[in-house]
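Have the structure open as you read.

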Amino acid sequence: MNKSIRDHGVTIGFMPPGKNNTLTDVQGVKVGHHTLSEGSQQTGVTAILPHGRNLFREKLIASSHIINGFGKTTGTIQLNELGTLETPIVLTNTFGVGAAFDAVVDYTLKNNPEIGRETGTVNPVIGECNDMWLNDIRERSVQKEHITEALDNADVDFEEGCVGAGTGMLCYSMKGGIGSASRIVELAAGEFTIGVLTLTNFGKLSDLLIDGNPIGQQLKEKILSKEDEKDRGSVMVIIATDLPVSERQLNRILKRSVTGLSRTGSIIGNGSGEVVIGFSTANEIPHEKSDTPLTLRMIHEEDMDQAFRAVGEAAEEAVLESLVKATPIIGRDGHERPTLTDLLETHNLSL
């Protein structure tokens, strides 16, 4: 396994990370992958389970935010209208969204026989990035069983880099993939966690910044042609927290993830879909209506700055983790991209 960005001597921000410095530092959250990596098939699935119970019956406060809308998600309209999440979140490639939607419907119907009978339907939340440079996306390799396996394999400990949905992704003209980080938020009301997972598929090498260091400019002249440096893709940002927040407060936190993306050098390009989806585990919303009003716990607005800083730091570090933990892949038509760690070693550069 490749070193983390901290193993390279780079510490992002000022706030302390969680125990594992990943999304799953938020208690109850699990992540699972299914990887398809053979020849021109370089793709996969990453699934995020917000808690281990029946999510349809015990929904969570949730929201989404579109930084740049060049993407093909499902479920975000209802997510923002009702402010609740009722399924796992699945990430895959653009043409795998349909299979992921079907698989999450099956997953939810299995444990909820009342859906489509005594109650309404279900709202699967699926996100994507386009991995067509390394993966033959026309093959539509991602199938329902791959999503099911990712859901079944979800755990607190999970791999980063070129795994799951990140297998065929590019980031800053190099190999990208899955990255994650977390931050502890210390308030008078207690200690809370914000975790971030990124699926990175965006950016030009010359723009890359690592803790303010223009390392992309140093590498650009050594390795890449103008054609190689096109910004080809997108980023999905998944945010989990145990902060007690309203849907409105959560949405404000999601918006601040852009500060982390920008600190790595992103200009939020025209063809790049930057979509943020987040949830809080602090409040559960029952599917069945009770005769008494619901009670919602939420922090004071004066405490929001801590959360804003935390999500920016964690998003920045998660992007960098996807780069330093990436491994070399040769995909469709012999296409390949260097990894950041290999480039640094080859050109005797350090972070």
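How many of the 9 residues of strand 2 are buried? Strand 2 is mostly covered, with 8 of its 9 residues buried, where buried means under 20% relative accessible area (1.4 Å probe, protein chains only). Please keep in mind that this is a predicted model, in which local features need pLDDT of at least 70, side-chain atom pairs count only at pLDDT 80 or more, and totals for chains, interfaces and linings use all residues. Residues are numbered from 1 along each chain as its sequence is written, and side-chain values use heavy atoms, with hydrogens and water left out.

**The sheet as a whole**
- An open sheet of 4 strands runs in the order 1-2-5-6, with mixed pairing; strands are DSSP runs (E, at least two residues), numbered from the N terminus, and two of them pair if DSSP finds at least two bridges between them.
- Strand 1 (30–38) and strand 6 (125–129) each have a single partner strand, so one side of each has no neighbour in the sheet.
- On average, neighbouring strands here are turned by 15° against each other, direction ignored, with axes taken as lines fitted to C-alpha atoms.

**Strand 1 with strand 2**
- Strand 2 (residues 41–49) pairs with strand 1 in the antiparallel sense over 9 bridges.
- K30 has L49 in strand 2 as its bridge partner, and G32 stands opposite A47 in strand 2.
- The hairpin of these two strands has 2 residues between them, and G39 takes a positive phi near 60° there.

**Strand 2 with strand 5**
- Strand 5 (residues 89–93) pairs with strand 2 over 3 bridges, in the antiparallel sense.
- The bridge partner of I48 in strand 5 is I89.

Methods
Axes are lines fitted to C-alpha atoms, for helices over the stretch in contact, and angles run from 0 to 180 degrees between N-to-C directions. Buried means under 20% relative accessible area, exposed over 50%, partly exposed in between (1.4 Å probe, protein chains only).
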